[in-house]
Amino acid sequence: MNHPSANWQTRFIQLATDAAGDDGAHDINHLHRVWHTAETLLKDHPEADALVVQAACYLHDLVNLPKNDPQRHLASRQAAELACRELTAMNFPADKLPALAHAIEAHSFSAAITPTTIEARIVQDADRLDALGAVGLARLFYIAGRMGSELAHPDDALGTQRELDDKRYALDHIQVKLATLPASMQTEAGKRLGQQRLEWLYEFRGTFLQEWSGS
């Protein structure tokens with residue numbers, strides 16, 4: 001993999017930091033993790049443009065709307081437009097901007113845009129992997145707390161006798177969304193890592209259910 005210059009990374013981090021709000025699940029640490037995961041995925045894809053991937057990893061949340069915002073599905077397009085404007089002013093290579101815009105637009109689960117380039121596939125996988133595993137679990141409950149969700153349904157936490165509702169019950173989010181992520185991964189390494197992290201989440205859920213029911 002051709003490593004992007006540290007100079008560009010510094011600029012990406014500054015742009016992301018300037019745009020950051022108070023969402024601890026989508027802070028600069030999330031962006032660092034997404035990039036580090038993308039570096040792992042890039043090892044299997046030397047044909048990918050690492051600079052485009054790095055830029056998208058750091059700038060994909062330049063516009064970050066809450067999960068329950070009705071305009072949430074538009075945030076990635078707005079982030080792509082803003083990133084391209086900011087980078088154009090910094091003389092970022094113009095020929096890389098279309099690929100960057102697509103990678104940012106397609107990363108979003110709610111936007112439902114199919115990634116058509118290897119760069120976009122890597123960025124989407126890296127971002128979704130951060131929703132799985134131990135860090136993903138912490139982010140799940142952090143976001144649920146900000147949205148005012150309950151931890152779990154008091155009598156049917158697993159949801160065997162009711163319709164799952166992850167806006168009301170945080171634990172439901174594991175099955176409603178997170179369980180679908182490994183199969184949606186675009187790279188082989190992403191599928192493998194995603195499945196490993198999902199299995200860890202299921203182990204956690206089993207322990208949670210035992211304690212929740214007092215057994």
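Tutor: In this predicted model, the side chains of aspartate 130 and arginine 139 meet in a salt bridge, at 3.4 Å from N to O. The term requires a side-chain nitrogen of Lys or Arg within 4 Å of a carboxyl oxygen of Asp or Glu, and the structure has 5 salt bridges by this rule.

Student: Before going on, what stands behind the numbers?

Tutor: Because the model is predicted, local features need pLDDT of at least 70 and side-chain atom pairs count only at pLDDT 80 or more, whereas totals for chains, interfaces and linings use all residues. Residues are numbered from 1 along each chain as its sequence is written, and side-chain values use heavy atoms, with hydrogens and water left out.

Student: Which residues are linked with Asp130 in a network of salt bridges?

Tutor: Arg33 and Arg139 are linked with Asp130 in that network. Aspartate 130 meets arginine 33 at 2.8 Å, again from N to O. This pair links distant parts of the chain, 97 residues apart, with aspartate 130 in the loop between α6 and α7 and arginine 33 in helix α2; helices here are DSSP runs of H or I of at least four residues, numbered from the N terminus.

Student: Where else does a salt bridge link distant parts of the chain?

Tutor: The side chains of aspartate 49 and lysine 96 form a salt bridge at 2.5 Å, N to O. They are 47 residues apart, aspartate 49 lying in the loop between α2 and α3 (50–59) and lysine 96 in the loop between α4 (75–89) and α5 (97–106). Aspartate 49 is partly exposed, with a relative accessible area of 21%.

Student: How many aromatic pairs are there, and how are they read?

Tutor: A pair of aromatic rings is described by the distance of the centres and the angle of the planes. Rings of Phe, Tyr and Trp (its six-membered ring) pair if their centres lie within 6.5 Å, and planes under 30 degrees apart count as stacked, over 60 as edge-to-face and the rest as tilted. The structure holds 7 aromatic pairs. The rings of tryptophan 8 and phenylalanine 12 have centres 5.8 Å apart and planes at 20°, so this pair is stacked. Both residues lie in helix α1 (residues 6–19), 4 residues apart, about one turn of the helix, and both are buried. By contrast, the rings of phenylalanine 204 and phenylalanine 208 have centres 5.9 Å apart and planes at 45°, so the pair is tilted.

Student: Why do residues three or four places apart point the same way in an α-helix?

Tutor: An α-helix has 3.6 residues a turn, so residues three or four places apart point the same way. Phenylalanine 204 and phenylalanine 208 both lie in helix α10 (residues 188–213), 4 residues apart. Phenylalanine 204 is partly exposed at 22%, whereas phenylalanine 208 is buried at 13%.

Student: Which other residues of α10 are buried, and what follows the helix?

Tutor: Besides Phe208, the buried residues of α10 are Ala189, Gly190, Gly194, Leu198, Leu201 and Arg205. Glycine 214 follows α10, and its phi is positive, near 75°.

Definitions and conventions:
Helices (H or I, at least four residues) and strands (E, at least two) are DSSP runs, numbered from the N terminus. Buried means under 20% relative accessible area, exposed over 50%, partly exposed in between (1.4 Å probe, protein chains only).
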